[in-house]
Amino acid sequence: MRGISMLEIVIYIGMLSIFMVVIVATLMQIVRTYDQVRAQRDVVSNGRLVTEAMMQAIAGSQAVYAPTSVFGNNVGQLSVVTTVGAMSGETVNRIDFWLDSGRVWMRKEGLATTSITSPSVQVNQLRFDQINQGLGREA
């Protein structure tokens, strides 16, 4: 019977070490890819929520409330006047959207301020541009 030589043990340990390094590197890449995909999904999901909330408010609005709206700025604010959801005794309601501390916020008049975006998503710009129609009306 012949035993295992010291050279064979060193070769086996070297092969096992290379195999383990490849496995660990592959697992680390899988985790990084998963984190990137999750972050992209969060950004898309939050973008959809912001867009839907704004579209709903704009669709039911009568006008843009210019005194509190900020146009042409990367940290803009949009305020719209609507009759939808007006408080009792009121005829109109104002809804505001703005960017603060990397999050998009919404406030309906008379209600608490709520963040539309999650804390895991950082919003860098929220820009509103005012477009004037040919008849002198704001669009």
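How many residues apart are Asp 35 and Arg 38 in helix H1, and what does that separation come to in helical turns? They are three residues apart, so about one helical turn separates them.

Hello everyone, and a word on the ground rules. This is a predicted model, where local features need pLDDT of at least 70, side-chain atom pairs count only at pLDDT 80 or more, and totals for chains, interfaces and linings use all residues. Residues are numbered from 1 along each chain as its sequence is written, and side-chain values use heavy atoms, with hydrogens and water left out.

Back to our pair. Asp 35 and Arg 38 join their side chains in a salt bridge, at 3.7 Å from N to O; the term means a side-chain nitrogen of Lys or Arg within 4 Å of a carboxyl oxygen of Asp or Glu. Both are partly exposed, Asp 35 at 34% relative accessible area and Arg 38 at 36%. For burial, under 20% is buried, over 50% is exposed and partly exposed is in between, with a 1.4 Å probe and protein chains only.

Now the helix itself. H1 covers 6-59, and helices here are DSSP runs of H or I with at least four residues, while strands are E runs of at least two, both numbered from the N terminus. Its 54 residues should span 80 Å at 1.5 Å a residue, and the end C-alpha atoms, 79 Å apart, agree with that; the expected span is 1.5 Å times one less than the number of residues.

Which residues of H1 are buried? They are Asn 46, Val 50, Ala 53, Met 54 and Ala 57. Strands S1, S2, S3 and S4 are among what covers them. Take Ala 57, at 8% relative accessible area: beyond its neighbours within four places in sequence, Ala 57 is in contact (heavy atoms within 4.5 Å) with Val 80, Ile 95 and Phe 97. The C-alpha atoms of Ala 57 and Asp 35 are 33 Å apart.

Finally, let's visit the strands. The structure has four salt bridges, and Arg 94, Asp 96 and Arg 107 are linked in a network of them. Asp 96 is buried, at 2% relative accessibility. Its closest N and O atoms with Arg 94 are 3.4 Å apart, and with Arg 107 the N to O value is 3.5 Å. Asp 96 sits in strand S3 and Arg 107 in strand S4, so this pair ties together parts eleven residues apart in sequence. Both arginines are partly exposed, Arg 94 at 23% and Arg 107 at 30%.
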